[in-house]
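Here are my notes on the model you sent over. Have the structure open while you read, and take the points in order.

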Amino acid sequence: MTTDPNPTDDREARADEHRDDAAGTASATEEGPADDEAVDDGPEIVDGRTVEHLITDHERDIAATAEGTDAAAARRPSLDLPRLELGRRDFMKAGAAVGAMTGLAGCTSVLSDEGNGGDGSSGASGEHSVPPGEHDEYYGFLSGGHTGEIRVVGLPSMRELMRIPVFQAESARGFGHDARTTELLEEEGGGYTWGDTHHPRVSQTDNDYDGRWLFVNDKANGRMARVDLEYFETDAITNVPNSQAVHGACMQLPDTQLVFGVGEFRVPMPNDGRDVDDPDAYGSVLTAIDPETMDVEWQVEVDGNMDNGDGGKEGRWFFATGYNSEEGVTQGEMTRADRDYVKAFDIPAIWDAVEAGEYEEISGVPVVDGTMDSSLNEGDRPIVRYVPTPKSPHGVSVTPDGSYAIASGKLDPTCTVIGVEEIAEVDDPADAILGQPRVGMGPLHTAYDDRGHAYTTLFIDSQVVKWDYEAAVEAEAGSEEPIVEKHDVHYNPGHLIASESYTASPQGDYLVSLNKLSKDRFLPVGPIHPENDQLFHIGDDDAGMELVKDKPSYPEPHDASIVHKDKIEPAKTWGPDDYDLDFVPEGEESFERIDESTVEIEMWARRNEYAFPEVTVREGDEVTIRISNVETTSDVIHSLAIPEYDVNLALAPQDTREVTFTADEPGVYWAYCAYFCSALHLEMRSRILVEPRD
Ligand code: RUQ
Ligand code: CUA
């Protein structure tokens with residue numbers, strides 16, 4: 001089912017009209033003071049509307065439709081007001097507003113024609129279901145937002161297969177409970193209790209997934225983490241200096257030579273109390289990290305905020321979007337200018353500057369000056385090229401063939417197509433802009449198939465737009481000609497991802513739209529709603545995009561990587577050589593009193609017992625337990641849980657974990673296995689006696 005490829009409903013038409021009034025042509029290719037004035041007029045005026053006003057209306061629409069009651073409608077101004085008509089299409093999509101208008105609160109019958117799109121609700125979706133016992137074609141690695149984790153989902157079933165804690169302690173997997181992962185969170189990780197994962201990227205070799213690692217940022221505390229995709233476990237965290245909010249995360253290609261963290265919030269560098277109220281002295285950096293050591297190699301300071309990033313396929317260029325070229329500190333200041341920049345970083349030129357010692361060391365890392373006025377940006381090999389783009393571009397991604405970096409306008413209805421070869425050749429970076437199609441309202445992120453199509457989320461329009469990027473290069477700026485199709489999503493999509501879209505050879509069959517609002521799509525579960533991740537089949541250009549599934553998602557995925565199953569080789573059991581701790585085989589258990597107050601225990605677990613059915617220590621002892629699961633059978637997981645001592649180790653087959661606790665409360669404590677492992681699982685216990693010291 002498809003919607004009109006070139007919608008001309010009231011709101012769009014009106015938006016055009018108002019944009020034309022306020023900002024000249026829709027493609028907004030000229031800078032001018034008129035735009036600034038229009039923005040500064042604030043949201044109260046009806047004419048001279050800008051994208052900001054549309055957003056304001058949109059926010060209000062969300063507020064009203066979320067309530068979806070007559071009372072809510074009564075409190076709202078009449079829909080006849082011109083300013084509200086602009087948001088009317090959102091109301092129609094949400095359904096609830098129609099209910100409100102006609103007195104049928106919550107009526108959903110005007111929802112788009114796909115209905116709920118779940119398994120079996122449409123004939124065609126059967127092709128995309130995966131019967132019980134069969135495996136999916138793809139792994140989807142979704143970020144978990146401020147849960148701090150990664151979710152692993154099978155596609156096309158959308159079944160959640162696993163969660164990988166990254167920046168937070170998690171008890172089911174015992175992450176942050178054993179000594180090694182606790183140290184990872186507390187030492188390397190800096191001791192924060194949470195993170196905000198946005199952009200999971202799987203390592204590549206020769207521009208294709210190699211299944212070795214997944215890298216993901218922590219926007220909250222400025223960190224980058226690495227997940228080992230053999231064990232599906234986080235194995236490194238780098239606390240990035242000089243950078244608050246590491247947002248975009250991606251790699252230098254084709255072979256993951258570097259991992260990049262794109263710094264978002266501007267802060268003093270170092271942020272140690274200097275220059276606190278001197279925003280001009282704040283800065284934002286791109287950070288390059290070695291994927292093997294996870295050490296920071298260098299940083300480049302730039303003008304303005306950055307946002308998202310993506311690497312060119314050939315290894316030379318890295319692109320980052322940005323907003324706040326104004327370097328303001330309030331929302332009004334940050335959105336005043338009509339232009340922002342996509343920054344194109346010349347990686348070999350940056351390495352040359354670092355090797356020539358042309359940097360300042362800040363917080364122990366080399367920081368190269370890539371601001372506009374830097375001497376390193378003079379001459380014929382500038383290290384950073386600033387490509388002027390309409391207003392606060394958000395997502396950027398490089399096409400599979402490596403020809404273009406496409407930035408999504410966010411506050412402008414266009415995408416900007418930047419030529420990757422051209423960026424090296426032109427004198428004026430603006431000349432590297434080869435196309436600027438008008439795609440719709442609120443473009444955020446763009447993914448690709450293998451047939452020359454780009455798919456861009458339209459946050460405000462609640463749609464995914466499919467367009468032809470070569471046609472966009474041929475067309476006039478501001479043209480809607482390149483648009484192939486638009487499809488409604490439910491509702492307000494942020495990121496989207498297509499199968500292997502970040503590689504040079506996407507499969508072009510599936511696409512997931514990560515929608516921020518689910519509103520009325522699911523049974524209500526209280527005031528915090530799930531997100532809605534929608535799966536589309538995109539493999540048939542004649543039939544168009546087909547909505548196949550809705551998947552409610554715990555808040556909140558921002559981005560994902562979809563990797564073919566053949567490119568990931570997960571371990572079935574742990575390999576005792578893969579960790580520092582010595583494995584404890586059956587027969588080699590030991591109990592050793594080191595001194596008056598220190599005890600070391602080495603033990604094993606198997607169905608349905610621990611090496612020691614009973615352990616006696618003394619009040620105040622510092623007790624270290626190292627325990628191995630000696631099972632070799634896949635999926636026989638044990639654990640060691642000690643009540644009231646907050647001990648919880650999860651032990652996959654052949655895994656060894658260690659924990660230390662102080663036995664400061666005398667008494668009897670039944671250590672038990674929390675993983676249901678066998679018929680005698682409940683009996684799998686060890687009695688720990690803590691004798692009082694008198
Ligand atoms: S950013 S969708 Cu990291 Cu778009 Cu969230
Ligand atoms: Cu071992 Cu339950």
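1. Overall make-up. The chain has 12 helices and 40 strands; both are DSSP runs numbered from the N terminus, with helices being H or I of at least four residues and strands E of at least two. Bear in mind that this is a predicted model, where local features need pLDDT of at least 70, side-chain atom pairs count only at pLDDT 80 or more, and totals for chains, interfaces and linings use all residues. Residues are numbered from 1 along each chain as its sequence is written, chains are lettered from A and ligands numbered from 1 in the order in which they are written, and side-chain values use heavy atoms, with hydrogens and water left out.

2. Burial and surface. Of the 694 residues, 59% count as buried (under 20% relative accessible area; exposed is over 50% and partly exposed in between, with a 1.4 Å probe and protein chains only). The accessible surface comes to about 27,100 Å², and carbon and sulfur atoms own 47% of that (Shrake-Rupley method, 1.4 Å probe; for residues, only the protein chains shown count as cover). Among contacts with a separation of 6 or more, 60% are between residues 24 or more positions apart; contact means heavy atoms within 4.5 Å.

3. Strand β23. Have a look at residues 453-458: 6 of the 6 are buried, so β23 is largely enclosed by the rest of the structure. Both of its faces are covered, with His453, Tyr455 and Thr457 buried on one side and Ala454, Thr456 and Leu458 on the other.

4. The partners of β23. Strand β22 (residues 443-448) runs antiparallel to β23, joined by 4 bridges (two strands pair if DSSP finds at least two bridges between them). β24 (residues 463-468) also pairs with β23 in the antiparallel sense, over 6 bridges.

5. Helix α10. Which residues of α10 (residues 347-355) are buried? They are Ile347, Ala349, Ile350, Ala353 and Val354. These cover an arc of only 160 degrees around the axis, which puts them on the same side of α10 (the arc is that of the directions from the helix axis to the C-beta atoms). They pack against β9, β11, β13, β14 and β16. After the helix comes Gly357, with a positive phi near 75 degrees.

6. Ligand 1. The residues around ligand 1 are His198, His199, His247, Asn308, His394, His445, Gly494, His495, Lys516 and His558, each with a heavy atom within 4 Å of it. The shell divides into no nonpolar, 9 polar and 1 charged.

7. Thr321. This residue sits in the loop between β13 and α9 and is buried, at 0% relative accessible area. Beyond its neighbours within four places in sequence, Thr321 is in contact with residues including Asn308 and His394.

8. Cis peptide bonds join Leu253 to Pro254, with omega about 10 degrees, and Met269 to Pro270, with omega about -5 degrees. Glu327 has a positive phi near 55 degrees and counts as buried at 19%, whereas Glu644, with phi near 65 degrees, is exposed at 73%.

Notes:
Nonpolar A, V, L, I, M, F, W, Y, C, P; charged D, E, K, R; others polar.
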